[in-house]
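Please examine the sequence and the structure shown below.

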Amino acid sequence: MAKNKGVRIVINLECTECRTNPDKRSPGVSRYTTMKNRRNTTARLELKKFCPHCNKHTVHKEIK
């Protein structure tokens, strides 16, 4: 039997500056995967992470 979905889910974080800035160091979009608790954090997650394409720390937002 299959169990129901757990409380913790895997999400993807994508760099916000890579999507909007065409003048960056290298082509591509920085993405990270992490987990969040869907009961405690219902809104979309935003974290500052290092983007190797922009070569600096930028805001990464949760995507579908």
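The model is a predicted one.

Four of them form an open sheet in the order β2-β1-β4-β3, and their pairing is antiparallel. Because β2 (31-37) and β3 stand at the edges, each with a single partner strand, one side of each has no neighbour in the sheet. Ignoring direction, neighbouring strands of this sheet are turned against each other by 45° on average. Strands of a sheet pair through backbone hydrogen bonds, in either a parallel or an antiparallel sense. Here, strand β1 (residues 8-15) and β2 are joined by seven bridges in the antiparallel sense. Within this pairing, E14 has R31 of β2 as its bridge partner.

Beyond its neighbours within four places in sequence, C51 is in contact with C15, C18, S30, K56, T58 and H60. Between C51 and V29 the C-alpha to C-alpha distance is 8.4 Å, with 22 residues separating the two in sequence.

How many disulfides does the structure hold? The number is zero. A disulfide is a covalent bond between the sulfur atoms of two cysteines. The cut-off for such a pair of sulfur atoms is 2.5 Å. The closest cysteine sulfur to that of C18 belongs to C51 and lies 3.4 Å away, which is too far for a bond. C54 is likewise in no disulfide; its nearest cysteine sulfur, that of C18, is 3.5 Å away. Are these two cysteines buried or exposed? C18 has a relative accessibility of 5% and therefore counts as buried, and C54, at 15%, counts as buried too.

The loop between β3 (46-51) and β4 (56-63) contains N55. The phi angle of N55 is near 65°, a positive value in a residue other than glycine. With a relative accessible area of 45%, N55 is partly exposed.

Aromatic side chains complete the description. A search of the whole structure finds zero aromatic pairs.

Methods:
Residues are numbered from 1 along each chain as its sequence is written. This is a predicted model: local features need pLDDT of at least 70, side-chain atom pairs count only at pLDDT 80 or more; totals for chains, interfaces and linings use all residues. Side-chain values use heavy atoms; hydrogens and water are left out. Rings of Phe, Tyr and Trp (its six-membered ring) pair if their centres lie within 6.5 Å; planes under 30 degrees apart count as stacked, over 60 as edge-to-face and the rest as tilted. Buried means under 20% relative accessible area, exposed over 50%, partly exposed in between (1.4 Å probe, protein chains only). Helices (H or I, at least four residues) and strands (E, at least two) are DSSP runs, numbered from the N terminus. Contact means heavy atoms within 4.5 Å. Two strands pair if DSSP finds at least two bridges between them. Axes are lines fitted to C-alpha atoms, for helices over the stretch in contact, and angles run from 0 to 180 degrees between N-to-C directions.
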